[in-house]
Each structure stands twice: as structure tokens, then as C-alpha cells.
Amino acid sequence: MNHLSGLDALFLHLETPQMPMHVGALHVLELPAGYRGRFVNDLRRHLKSRLPVAPALRRRLWWMPLNLANPAWIDAEPDLREHVVELRLPKTARHGSGMPELEAEVGRLHAVLLDRERPLWKMHVFEGLGPSVEGRRRVGLYTQLHHAAVDGQAAVALANAILDLTPQPRTLPKVKAAARSPEIVPGVVEMLRSAFGAEVQQVAKIVRELPATVGTLGGAASRALAGRDKGFSNVTLAPRTPLNVSVGVGRAFAAVSLPLNEVRLLGRAHGATINDMVLMVCGSALRRYFGRQRNLPRKSMIAAVPISLREAGDASSDNQASMSLVSLGTHLADPLKRLAHVRAATAAMKDTMGALKGVLPTDYPSIGVPWLLEAATKLYGKARVADRIPSVANLVISNVPGPAAPLYLAGARMLTNHPTSIVVHGLALNITVQSYDQSLDFGLMADALAMPDVRLLAEDIRVAFDDLRALPLPGDEPPSAGDIARGVARRAGRELEQVVNLAVPKSVVDAARGATAFGSAMGSAVGQTLGSTQAMRLLGRVVPDMAAKTVGSVVGGVRDTVSKATRAPRASAPAKRKRSR
């Protein structure tokens, strides 16, 4: 029996139907050439062989009498037929990437609470995806794991136990079977003795470490105030946005990937870390998204950024993390100034939080805490307090380092690794990023009412990265006419593609993409033959005209398609055709 720490149990006490507290990921898996059979069966057999090295998958909760204190973990053998299930996607998933259908399923399933009577995890295998470019069969996989069991780093450690570096699963050393039954239920007396013993130890630890903790907190406060005196501080109230509301029971999800190596190289050129670059593209995308809605706050938006408290080499399955605040510079129109703002914000955060990592608690006394937290959480949501009080952050942005090489699950190659995380009252958007192989995989989870069009924000992240690519590097010459023309054409193409993706069926999307490619080529040619002023004047006339004509053509195609689909054929009179002029 192992009692949950205060931080682990917090995710249980805060959970409601409006705030599920599980995390996970959306994967696309490519099966081996010539694969036959059902992948869900192979996955079950694979997981059964890995359970001995994955303790987070073979334990369940055991509650204290009267819910007096935090529950404990006890050993439990999972029923893999209940924990690994198969679903079939709509027929449209066979065309294109299948990501819209997968994203819709993740949004639907992420709102469903995990069964607390079982081990707190579940995997969903999606059949019905189209083949890969090489013609190999693909499946989708959405995983759920309760945050009470793992944090981001612990989830990576769990993935390392389950996944392999080659299509052939590695052979694990045989584990001697336990002499006792797989599940031992502790008695009431044992539970109470254990809870009160842990309580005494925690109180003694707090008293022993109190003087050092007070000194550290005082030093951190002094550094934060010194940063404010210098004209910059992350410690401020966040502006009001549509994200700072009480969340409902629905979720919307979107995924996007960026090239990891290019992000790293651009960051080095600008003197920024990968984390700085992630915050930069997210801030730029948010500025674009809310600017398009004419709802951009004048004050910089603030991100709540989790930081790991885990020591190097610690792979234990528990939560060891805290939260910091970083200003995103969304009030700055100049991208270079915004990047400088983000770099200063992360530097200030590290300066303040660096000394605190050693004293921030992950455990605390819990007698009576479940009653208090559960009651307060229900009241907070029911009274919609988040709609009324100021917030210190607008959203959550988390960046978790992941594996740098391609991985395999039950013989299938993992192509994507888009995290799925938690939204809570007052923070209706969570952007979690994890590096995998050669990509930075973003997972955007939003409340379905606060941001139903989260797919638009994902596309804005792509545009923000294009803008980041176009920024002049330190010491470079000013951009040439060709650079300006290509940038304008690329932006116009991205905006056109967003309109097409939202409003047009797949049958006519290819036409819009062709126009996008033409616009990019046109921008390059114009930039090479004309001066900067002439190029911009010409693009100012041609690009909007091109976009208008393309959209008009696409809408016309849609109109014709709908008309043909809904008009019954007439045998007596052939259809008349209008001659084009």
C-alpha cells in the first residue's frame, strides 16, 4: 500500500464532470508491410508482457474510511479487454490524413471520466484510416492516463517501458511470480494507522525545513520585485479573454507539428531555447487568432507554464511539478520585439523559480483535505467564480522533452505523438508540446464552448512559424524584395487555405492548394524582377484579386456540387448548359 502524495491526490479532489483530470496523447501508427489481423489484439498481448515494468498500469485506488485522507495505491491486475478497446472512424477518414476525424474523436472521448474502480488508464485503437504514402495500413491510438498517477516526465518514463526502438519488441527479463495474490485489500485499522503515520512525518518535515523555506521564499520575492523595478515582471494579473471562463463538459482538440531541427537552429540563431521558441509561436498564434476576432487584449497575455521538480534520473510514477508564469508579449506587433520579450520573460521566470524548486512541496498533510477540496471545487464551478474574478494566467503552455528517435509499439511505427492535457475553470485552453523524432508535436485541448474553432488556432501556429522563419537573423542584411514578396504570398496562401479547409469539401480543396502554390511562385518571381516598392504594389493588387477569384471559383464549385446532389435527374428534358463567355 502506497499513499498518494498531496500533489497526486489533488488531481483526484479537483476532478468533476466539467474538469476531467486525465492526460494522454494521440498517435498515428504505421503497421508493418503485409500486416494482417486486428491491431487491438496485438496491443493487448504486448501490454500484458510489459505490465511487470509498468507499475502505473497495474495499480488502482483504495479509499480511506469516510474519505478522511488521501487514498492509497494498491496492486491490481487490469482487464485488458476493458482497458484497450477498438473503435471505427467514419468513412471519410480513409481520404487524406484522417486527422480531422481523429481530432473529433479525441475531443469526444477526452470529456469522459476514467473509472475509479479500475486502474486509471485506457487506450482507444481507431480503425478506418487510409494507408500511408508507402501503402501501409495505419491505425490511430488515443491514450488516457490519470494525472494522479503521472506527470509529464513520468509519462515519458512509462512510454520508454512500453515502446521499443525497433519493430521487433525487445525481450524483457523474466520476473518471478509473486507468492501472494495480485490484489491485497488493506483493512480499516491498517489504513488509519498508515494515514496518521504519514501525517506525523509530513508535519515533522515541514517544521524541520521551515527556516530554510522562509529564507528561500524571501530571496525569490526580492528577485521578483527587483525585476519589476527594472521594468519587467511576470507577476501581474492577466488580461480578460474568452478563455478565462468556467468550462463545460465538452472538449475540442486540434494537433499540429513543426520541424524540430529547424526550430532548434532558429532558436540558436536568435539566442533562444526551444522552450522560448514554443512560447513565441504560441504567443504569435494567439495574437493572430484574437486579432482576427477583434478581441486582442491591449495587455500581454500570460501563460501558466509547468516546471519539473524532478531530479535527474528519477523515473518514479508520481507528480513532481509546479507552475510558473510567463508573459507572451501578445501586445507587441513587432515579432522581433515579441521574441525579445519572451526571452526576457523566461529568464525572469528561471531566476525566480530556480531557487524555489528545492523547497516547493509535492506532499503535505491530508487529514480532512479531501472533504475541503472536493466541496470547494464543486462550489467554485457551480457558482461560476472563474467568470467573475481576475486571473493570473490566460492559458497553460507546457513543453515536455520526448524521445529523439522513432519508436515502435507492438511492431507498429509511431508516426505522431500529440499530447492531450487538461483544461480547468478559468483556463479553457491547454497547449502541450512534446518533441518526438524530428518533430515538435503540439496538442491543443480547449473547452468546446470557449474555443470550438481550436483548429484555426492550430493553423495560426503554422503561420506563426512561417513568420518566424522570415525574421532577419542577428547581423543579417534587411530583407530583399524577393523575401518580402514570398512572405506576403505565403501568408495569403495560408489564409486562403484556412478558409478553404473550413468552408469547402475535400473534393475542391486541391484547387485552393494549387492556387496557394501558384501565389508562392508568383511572389518569388515578382520579387526577383521588381524593386521592393513595385513588388509590394503589384502584390497588393494581384494577391487579393487571386484570393477572391479562387474563393469565388471554389464557392461556385460547391454550389454546383450541392445543386447536382440535390436536384433529381429529369429524363424528359436534358439539362441546359450555360455557355461561358
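**Strands, helices and salt bridges**

Reply: Start with a pair of strands: β3 and strand β4 (residues 72–75) run antiparallel and are joined by four bridges. Helices (H or I, at least four residues) and strands (E, at least two) are DSSP runs, numbered from the N terminus. Two strands pair if DSSP finds at least two bridges between them. This is a predicted model, in which local features need pLDDT of at least 70 and side-chain atom pairs count only at pLDDT 80 or more, while totals for chains, interfaces and linings use all residues. Residues are numbered from 1 along each chain as its sequence is written, and side-chain values use heavy atoms, with hydrogens and water left out.

Me: Which residue in β4 is the bridge partner of W62?

Reply: Strands of a sheet pair through backbone hydrogen bonds, either parallel or antiparallel. Here, the bridge partner of W62 is A72.

Me: What is the order of the open sheet of three strands?

Reply: The order is β1-β4-β3, with antiparallel pairing. The edge strands, each pairing on one side only, are β1 (2–3) and β3 (59–62).

Me: How do strand β5 and strand β6 run, parallel or antiparallel?

Reply: Strand β5 (residues 84–88) and strand β6 (residues 121–127) run parallel, with five bridges joining them. Between β5 and β6 the chain passes through helix α4 (residues 99–109), in a β-α-β crossover that is right-handed. Right-handed means that, with the strands pointing away from the viewer, the path from the first strand over the helix to the second runs clockwise. Within this pair, V85 stands opposite H124 of β6.

Me: Which residues of α2 are buried?

Reply: Buried means under 20% relative accessible area, exposed over 50%, and partly exposed in between (1.4 Å probe, protein chains only). In α2, the buried residues are F39, V40, L43, R44, H46, L47 and R50. Seen down the axis of α2, these buried residues fall within an arc of 165°, so they line one face of the helix. The arc is that of the directions from the helix axis to the C-beta atoms. The face turned away from the buried side of α2 carries the exposed residues R45 and K48.

Me: How far does helix α2 reach from its first C-alpha to its last?

Reply: The expected span of a helix is 1.5 Å times one less than its number of residues. Helix α2 (residues 39–50), with 12 residues, reaches 17 Å, close to the 16 Å expected.

Me: How many salt bridges does a search of the whole structure find?

Reply: A salt bridge is a side-chain nitrogen of Lys or Arg within 4 Å of a carboxyl oxygen of Asp or Glu. The search finds 19 salt bridges. One of them joins R45 and D42, with the closest N and O atoms 2.3 Å apart.

Me: Why are R45 and D42 separated by about one helical turn?

Reply: An α-helix has 3.6 residues a turn, so residues three or four places apart point the same way. R45 and D42 are separated by about one turn because they are three residues apart in helix α2. R45 counts as exposed at 55% relative accessibility, and D42 is partly exposed at 22%.

Me: Where are D437 and R413 in the chain?

Reply: The side chains of D437 and R413 meet in a salt bridge (3.6 Å, N to O). This pair links distant parts of the chain, 24 residues apart: D437 is in the loop between β15 (429–436) and β16 (439–447), and R413 is in strand β13 (residues 412–414). D437 counts as buried, at 16% relative accessibility.
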